Amino acid sequence: MRALFSKLITFLGTEPYRLVVALLAIVGFVALNAAYLVWVERKAAGRFQRRPGPTEVGPAGLLQPVADGLKLMAKQLIVPAGADATLFRAAPLLVMAPVLMGLAVIPFGPGLAARNLNVGLLMIFALGSINVMALMVGGWSSRNKYAMMSAARVVSQNVAYEIPMLLVVITMIMATGTTDLSQIVLQQAGPFWHWNLFRVWVNPLMPVTFLIFYICMLEETNRAPFDMAEAESELVAGAYTEYGGMGFGVFFMAEYANIVLGCSLATVLFLGGWQSPFGLLPGLLWFLIKMYFLVFSVVWVRWTFPRTQFYRLLNLSWKLLIPASLFTLILSAAMIKILRALS
Amino acid sequence: MNLLREIYGGLKSLLIGLWITIGQFFKSAVTVRYPHQALKIPLRYRGHIELVGDPARGKPLCFVCKLCERACPSDCISVEGVKLEGDRRKSVTTYKLDFTKCSLCGSCVEVCREGAIRFSRDYNLAGLTKEEFLMDLVQRFQAQQAGAKSEARGAKPEVLAGPKAKPAEAAEPKPEGPLAGAAANGGSAP
């Protein structure tokens with residue numbers, strides 16, 4: 001039995017099958033997360049507001065995502081008259097696909113990455129930029145001027161925040177000297193002060209760098225307090241106004257999948273990935289603990305802070321985050337140069 | 001320097017905000033799970049009017065003086081009755097209340113010398129047709145009499161915040177209710 005099992009594992013480990021297994025695992029992981037993060041979000045929102053949250057469907061409302069999914073799938077997919085039908089249908093897929101592809105290079109545990117690219121970090125950000133374009137496509141192809149305007153807001157917002165995000169990532173690449181995510185995690189082995197977040201001897205402003213990354217991540221995923229794209233209480237559904245049923249559902253799932261990807265990336269870059277701070281428990285578990293703590297903090301932030309105004313959002317990026325991230329970039333470059341010269 | 005102070009102050013206020021919300025996160029819910037649980041309705045709650053029974057006879061106290069009918073500014077009450085053999089007073093046979101017009105002003109309750117009508121504490125007033133609000137209070141009274149007997153045996157819905165009020169208490173309202181009760185126990189969850 002055991003021999004058969006190990007044979008199966010080696011068989012699935014060989015090239016074409018490994019790819020299929022990894023694909024299924026990632027799609028399953030994303031789908032499960034997207035469904036149950038909605039539940040977590042609603043439950044946590046309830047807790048923050050001193051109410052129980054969903055309770056009716058299943059024990060503690062655990063079947064709520066299933067009920068929501070069935071409801072969305074039962075709805076008709078309407079393409080508005082005069083809309084660009086192909087682009088309209090393609091937009092939700094374009095939002096979802098980059099996230100799935102991005103997760104392929106995330107190391108969930110030691111040796112547990114679907115594809116260990118040496119330019120993994122670069123690939124995630126290259127694909128991440130498709131996300132903005134897909135929202136634009138969704139707004140544009142709807143043939144609805146309000147959706148179009150919302151899409152324009154999303155683009156101006158995401159462009160503004162992609163700059164500090166990338167500057168921070170360049171700082172991290174300089175500090176670690178690699179874009180291979182597994183390598184970045186391996187460098188952070190040992191006690192928790194080896195995590196990049198606390199590596200103040202490379203860059204004394206490392207916690208600030210993390211904060212900038214976190215703010216940009218919130219913004220890139222269009223989460224409150226930066227959820228201008230889909231400000232539920234002000235706009236109908238922003239760029240998704242014309243979408244109904246599972247078309248809207250996929251946009252929604254992509255939002256949560258993006259949060260998972262962003263938090264995974266923050267874990268890998270700053271919190272030591274699957275490295276355990278004490279040596280207890282397997283690496284995968286530590287990765288998930290760190291990532292879900294960040295995911296929870298995203299929910300926590302959403303139910304704490306009110307939505308900002310649009311010009312404040314742009315001011316924060318252009319007047320504060322970009323200068324600050326440029327400063328950390330130059331500072332860490334200087335620090336690396338000085339440290340090299342000394343040693 | 002000013003900018004740095006502003007950033008520091010802003011970050012600090014954000015962290016304080018997060019600290020406050022996480023404090024709420026670990027406290028118990030203050031809401032009542034309504035269809036499963038219900039708050040006690042205050043004694044002075046003004047539902048639509050209902051007939052008060054005479055405990056000795058098991059019949060309504062009303063003897064069809066029609067003062068309420070005349071007192072009603074919205075003209076939504078019409079009472080009819082008969083004089084039964086051997087009775088000193090008339091007995092009510094139909095007490096029609098058109099609740100679609102009633103403004104709950106309470107003139108009918110004030111004017112009633114016998115105390116034969118009072119505000120009910122029925123707050124689940126929703127219907128699909130207008131006819132559901134053209135009520136006959138005599139029929140309602142009889143249904144209530146029958147229900148009171150079966151309710152003594154069957155299960156009652158869970159009522160929070162204090163003991164269930166007896167009908168005698170309901171007739172003379174006291175300044176208490178869920179609000180007063182909540183204030184007494186510090187506004188914490190029931």
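The model is predicted. Chain A contains 11 helices and zero strands, while the secondary structure of chain B comes to six helices and seven strands. Where the two chains meet, nine residues of chain A and 11 residues of chain B take part.

**Confidence in chain A**

- The mean pLDDT of chain A is 86, and 99% of the residues in this chain reach 70 or more.
- Confidence in chain A is lowest in helix α1 (residues 2-13), where the mean is 80.
- The highest value in chain A belongs to helix α10 (residues 283-302), at 91.

**Overall form of chain A**

- Read from the N terminus, the elements of chain A follow the order α-α-α-α-α-α-α-α-α-α-α.
- The radius of gyration of chain A is 21 Å, close to the 20 Å that the globule rule gives for 343 residues, so chain A is as compact as a globular protein of that length.
- Taken along the principal axes, the box filled by the C-alpha atoms of chain A is roughly 65 × 65 × 45 Å.
- Of the 343 residues in chain A, 41% count as buried.

**Contact between the chains**

- The contact draws nine residues from chain A and 11 residues from chain B.
- By class, the side of chain A that touches chain B comprises five nonpolar, one polar and three charged residues.

**Overall form of chain B**

- From the N terminus on, the elements of chain B are arranged as α-β-β-β-α-β-β-α-β-β-α-α-α.
- Chain B has 190 residues, and buried residues make up 11% of them.
- Among contacts in chain B with a separation of 6 or more, 75% are accounted for by residues 24 or more positions apart.

**The open sheet of chain B**

- Three strands of chain B form an open sheet with antiparallel pairing, in the order β4-β5-β7.
- Strands β4 and β7 of chain B stand at the edges, each with a single partner strand, so one side of each is left without a neighbour in the sheet.
- On average, neighbouring strands of this sheet are turned by 15° against each other, with direction ignored.
- Strand β4 (residues 77-82) of chain B pairs with strand β5 (residues 91-98) of chain B in the antiparallel sense over six bridges.
- Within the pairing of these strands, B:G81 stands opposite B:V92 in β5(B).
- The pairing of β5(B) with strand β7 (residues 134-136) of chain B is also antiparallel and runs over three bridges.
- B:D98 has B:L134 in β7(B) as its bridge partner, and B:K96 stands opposite B:D136 in β7(B).

**Residue B:Q142**

- B:Q142 lies in helix α4 (residues 137-153) of chain B.
- With 16 other C-beta atoms within 10 Å, B:Q142 is partly exposed, because a residue counts as buried at 20 or more such atoms and as exposed at 12 or fewer.
- B:Q142 and B:L51 are 91 residues apart in sequence, and the C-alpha to C-alpha distance between B:Q142 and B:L51 is 9.9 Å.

Note on methods. Residues are numbered from 1 along each chain as its sequence is written. Chains are lettered from A and ligands numbered from 1 in the order in which they are written. This is a predicted model: local features need pLDDT of at least 70, side-chain atom pairs count only at pLDDT 80 or more; totals for chains, interfaces and linings use all residues. Two residues are in contact if their C-beta atoms, placed from the backbone, lie within 7 Å. Ala, Val, Leu, Ile, Met, Phe, Trp, Tyr, Cys and Pro count as nonpolar, Asp, Glu, Lys and Arg as charged, and the others, Gly among them, as polar. pLDDT is the predictor's confidence in each residue, from 0 to 100. Helices (H or I, at least four residues) and strands (E, at least two) are DSSP runs, numbered from the N terminus. Two strands pair if DSSP finds at least two bridges between them. The radius of gyration is taken over C-alpha atoms; the globule rule is 2.2 Å times the number of residues to the power 0.38. Axes are lines fitted to C-alpha atoms, for helices over the stretch in contact, and angles run from 0 to 180 degrees between N-to-C directions.
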